[in-house]
Amino acid sequence: MSNRIGEKRAAGFWPLAIVFALFVLFLYGPMITIFVLSFQGPEGGLTFPLRGVSLHWFYKLAEGLGTVDIGAAFRRSLALGAVVMAFTVVLSVLAGLAFRKKLVGSNLLFFVTVASLIMPSIIISLGIGLQFRLLDTGIKEALTAIDATSTLENYGTALGLFTSALGAHLTWTLPFGLLIMFAVFNRFNPAYEEAARDLGATPWQTFRHVVLPLIGPSIVGIGMFGFTLSWDEIARTSQAIGDVNTLPLELQGLTSTVTTPSIYALGTVTTIVSLGVMAIALGTASLLRRRATRRR
């Protein structure tokens, strides 16, 4: 409850407020700095003072940064993020529904699933990359054994955007989705489903018209987590993506070669995409919540 007019604040309020303000500045200061420096004029550099205000470096970004195809990397990251989001949502919801009943080995399955959160990301990436290289070796030996010469010559690697990289990203996003769904179903009232069944609804109708609207905002949140965590992932992607790069990997490489505010313009664009996804997710969740409230 807010303080009444004229009421004195507690003695510790202002020190704590200063600490909180410094924390917020520390948290968002670098992002704000990149935003500001990305809108410099043609004579701008990588540090302050700000030299003019323009969209010059965004135009330079659109033209390309050397030999790196930023547009292709951007589209790859968008596509991978969308697929990871879809898999995370579907698998999390299905797992949440399955874990509502007692399963043999459910505890072991749960701990194995969330174990990837405490393992070093680079180790997971190396392990997935190694698995797919062993898979490549097995496929090539099998093709050699059956004398499929033409197929063997055209075969490259199983490592790729929607194979190894997808699996690596799911080891990061899926545990978060599972934890959210477990929390949602832990407080879900089964009386709603029982009422629907008493009225003659089939299991699918019960899920579609009763369960899904109630858990809809949580599903939107899982989708947001899935996309944003995949969008900026570097460590789990680095050793498991094969011969292409996502936008974060390209951005990491450009930090040592690009010496103009174009790199800041790229950071601004990627951040705006993340903020846009969050805004869409929050708006969708709010809409679903209002619709569920009206139906009650």
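Biologist: Is Trp14 buried or exposed?
Modeller: Trp14 is exposed, with a relative accessible area of 55%. Keep in mind that this is a predicted model.

Biologist: Why does 55% count as exposed?
Modeller: Because the cut-off for exposed is over 50% relative accessible area, and Trp14 comes to 55%.

Biologist: And how does Phe13 come out, buried or partly exposed?
Modeller: Phe13 is partly exposed, at a relative accessible area of 31%.

Biologist: How many aromatic pairs are there?
Modeller: The count comes to 11. One of them joins Phe13 and Trp14 edge-to-face, at 4.9 Å centre to centre with 80° between the planes.

Biologist: What about Phe99 and Phe182, why is that pair called tilted?
Modeller: Their ring planes sit at 50°, so the pair is tilted; the centres are 4.9 Å apart. The pair links distant parts of the chain, 83 residues apart. Phe99 is in the loop between helix H3 and helix H4, and Phe182 is in helix H7.

Biologist: Which cluster does Phe99 belong to?
Modeller: Ring pairs link Phe99 with Phe110, Phe111 and Phe182. Phe99 itself is partly exposed, at 26%.

Biologist: Switching to pockets. How much space lies in the largest pocket?
Modeller: About 470 Å³. The lining has 20 residues, and Asp232, Gly267, Thr270, Thr271 and Ser274 lie nearest the centre.

Biologist: Which helix gives the largest share of that lining?
Modeller: H12, with 9 residues. Helices H1, H9 and H11 each supply at least two residues as well.

Biologist: How do the lining residues divide, nonpolar, polar and charged?
Modeller: There are 13 nonpolar, 6 polar and 1 charged.

Technical notes: Residues numbered from 1 in each chain as written. Predicted model: local features only at pLDDT ≥ 70, side-chain atom pairs only at ≥ 80, totals over all residues. Heavy atoms only, no water. 1 Å grid on protein atoms, 1.4 Å probe; cavity = no way out; pocket = protein on both sides within 12 Å on 5 of 7 lines; lining within 4 Å. Points joined across faces, edges and corners; volume = space filled by probe spheres on them. Helix = DSSP H or I, 4+ residues; strand = E, 2+ residues; numbered from the N terminus. Nonpolar A, V, L, I, M, F, W, Y, C, P; charged D, E, K, R; others polar. Phe/Tyr/Trp six-rings, centres within 6.5 Å; stacked < 30°, edge-to-face > 60°. Buried < 20%, exposed > 50% of the residue type's maximum accessible area, 1.4 Å probe, protein only.
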